[in-house]
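Please read these points with the structure open beside you. They go through the sheet, then the helices, then a few single residues.

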Amino acid sequence: MVQVVISEEDRGEEINIKEKEEAEGFEELCKRLIKGLEIHIFEEKVREAMLRVPRHKFVPEYEKRAAYLDMPLEIGYGQTISAPHMVAIMCELLELAEGHKVLEIGAGSGYNAAVMGELVGKSGHVYAVERLEPLVHFARKNLKETGYDNVTVLLGDGSMGYSKYAPYDRIAVTCAAPCIPEPLLEQLKPGGIMVIPVGNYSQELIRIEKDREDNIRKEKKGEVIFVPLIGKYGF
Ligand code: SAH
């Protein structure tokens with residue numbers, strides 16, 4: 001019988017090839033997903049940002065294979081990473097641009113923050129607040145491994161905003177509030193935009209614009225389903 005002995009070096013090579021093949025496979029799946037989202041994504045820069053963020057690096061190991069399906073996925077602690085089309089819709093409504101300072105409420109996996117990080121570029125910054133400590137660590141780990149150093153994950157009750165870095169050009173709330181938290185309106189810059197799901201069981205995505213004179217204009221953008229915002233100005 002011929003025994004094949006695989007050296008450590010060959011084994012290392014084998015693992016590298018497997019990882020490369022896996023990465024290429026995920027890249028292909030990502031391209032297919034984004035192509036399928038054409039009915040939701042109208043802006044080229046949002047499409048490009050979503051192509052650059054590897055969603056499989058933001059979900060638990062057992063869900064990697066499902067990472068490029070257009071659906072929300074569990075991230076533990078009863079929370080979910082939003083469906084890709086929802087991330088695209090929120091990014092478009094926010095009209096994100098290079099250099100923006102963004103506040104996200106509900107960091108979760110860090111995925112949405114990474115997509116926004118792509119859109120605001122190196123001169124911008126995303127501050128993502130999360131109330132559950134294990135998810136703060138999860139999001140930080142995911143963002144570190146994917147190289148998003150323009151995103152900072154903060155532990156806290158985001159229903160009160162995050163006054164330390166206020167005011168913000170944009171505010172993205174990725175959990176549903178009973179009504180619009182006053183501190184978030186205060187921490188939005190004049191000329192700024194906020195997107196927030198509001199409601200109990202049936203929620204409405206609201207786009208809020210604050211003009212240069214601090215007047216607030218609200219627009220309903222359709223029914224959505226998000227996990228609840230829990231906190232002082234939440235449920
Ligand atoms: N944007 C996330 C998904 C968010 S799920 C992603 O891309 O993965 C909503 C998140 O909001 C959950 O992680 C939940 O713990 C968090 N959350 C709920 N209430 C909060 C609050 N008051 N402050 C900060 N985070 C909150």
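1. Start with strand 7, residues 188–199: nine of its twelve residues are buried, so the strand is largely enclosed by the rest of the structure. Buried means under 20% relative accessible area, exposed means over 50%, and partly exposed is in between, computed with a 1.4 Å probe on protein chains only. Helices (H or I, at least four residues) and strands (E, at least two) are DSSP runs, numbered from the N terminus.

2. Before going further, note what kind of model this is. It is a predicted model, in which local features need pLDDT of at least 70 and side-chain atom pairs count only at pLDDT 80 or more, while totals for chains, interfaces and linings use all residues. Residues are numbered from 1 along each chain as its sequence is written, and side-chain values use heavy atoms, with hydrogens and water left out.

3. Which strands does strand 7 pair with? Two strands pair if DSSP finds at least two bridges between them. Strand 6 (residues 168–173) runs parallel to strand 7 and is joined to it by four bridges; here Tyr168 stands opposite Leu188 of strand 7. Strand 8 (residues 203–210) is antiparallel to strand 7, with seven bridges, and Glu209 in strand 8 is the bridge partner of Ile193. Three residues lie between strand 7 and strand 8, and the two strands form a hairpin.

4. These strands belong to an open sheet of seven strands with mixed pairing, in the order 5-4-3-6-7-8-9. Strand 5 (151–155) and strand 9 (216–224) are at the edges; each has a single partner strand, so one side of each is left without a neighbour in the sheet. From one strand to the next the twist averages 15 degrees. As a general point, side chains in a regular strand alternate between the two faces of the sheet.

5. Tyr127 has Thr152 of strand 5 as its bridge partner. Helix 3 packs on the sheet and touches strand 6, strand 7, strand 8 and strand 9, its direction making about 150 degrees with that of strand 7. Helix 5 lies across strand 4 and strand 5 and runs at about 170 degrees to strand 5. Axes are lines fitted to C-alpha atoms, for helices over the stretch in contact, and angles run from 0 to 180 degrees between N-to-C directions.

6. Is helix 3 largely enclosed or open? Nine of its eleven residues are buried, so helix 3 is largely enclosed by the rest of the structure. Among the buried residues are Pro84, Met86, Glu92 and Leu93. Just after helix 3, Glu95 takes a positive phi of about 50 degrees. Helix 4 is mostly covered as well, with nine of its ten residues buried; these include Ala113, Ala114 and Gly117.

7. Helix 3 (residues 84–94) and helix 4 (residues 111–120) have axes that come within 11 Å and cross at roughly 40 degrees. The two helices are therefore oblique to each other; angles under 35 degrees count as roughly parallel, over 145 as roughly antiparallel, 65 to 115 as roughly perpendicular and the rest as oblique. Val87, Cys91 and Leu94 of helix 3 meet Tyr111, Asn112, Val115, Met116 and Leu119 of helix 4 in this contact, where contact means heavy atoms within 4.5 Å.

8. Two residues of helix 5 can be set side by side. Arg140, found in helix 5 (residues 133–146), is partly exposed, with a relative accessible area of 40%. Not counting residues up to four places away in sequence, Arg140 touches Val153 and Leu154. Asn142 also lies in helix 5, but Asn142 is buried, with a relative accessible area of 1%. Leaving aside neighbours within four places in sequence, Asn142 is in contact with Lys57, Phe58 and Ser109.

9. Finally, look at Cys175, in the loop between strand 6 and helix 6 (182–186). Cys175 is buried, with a relative accessible area of 8%. Leaving aside neighbours within four places in sequence, its contacts include Ile105, Pro197 and Phe226. His56 is 119 residues from Cys175 along the chain, and their C-alpha atoms are separated by 21 Å.
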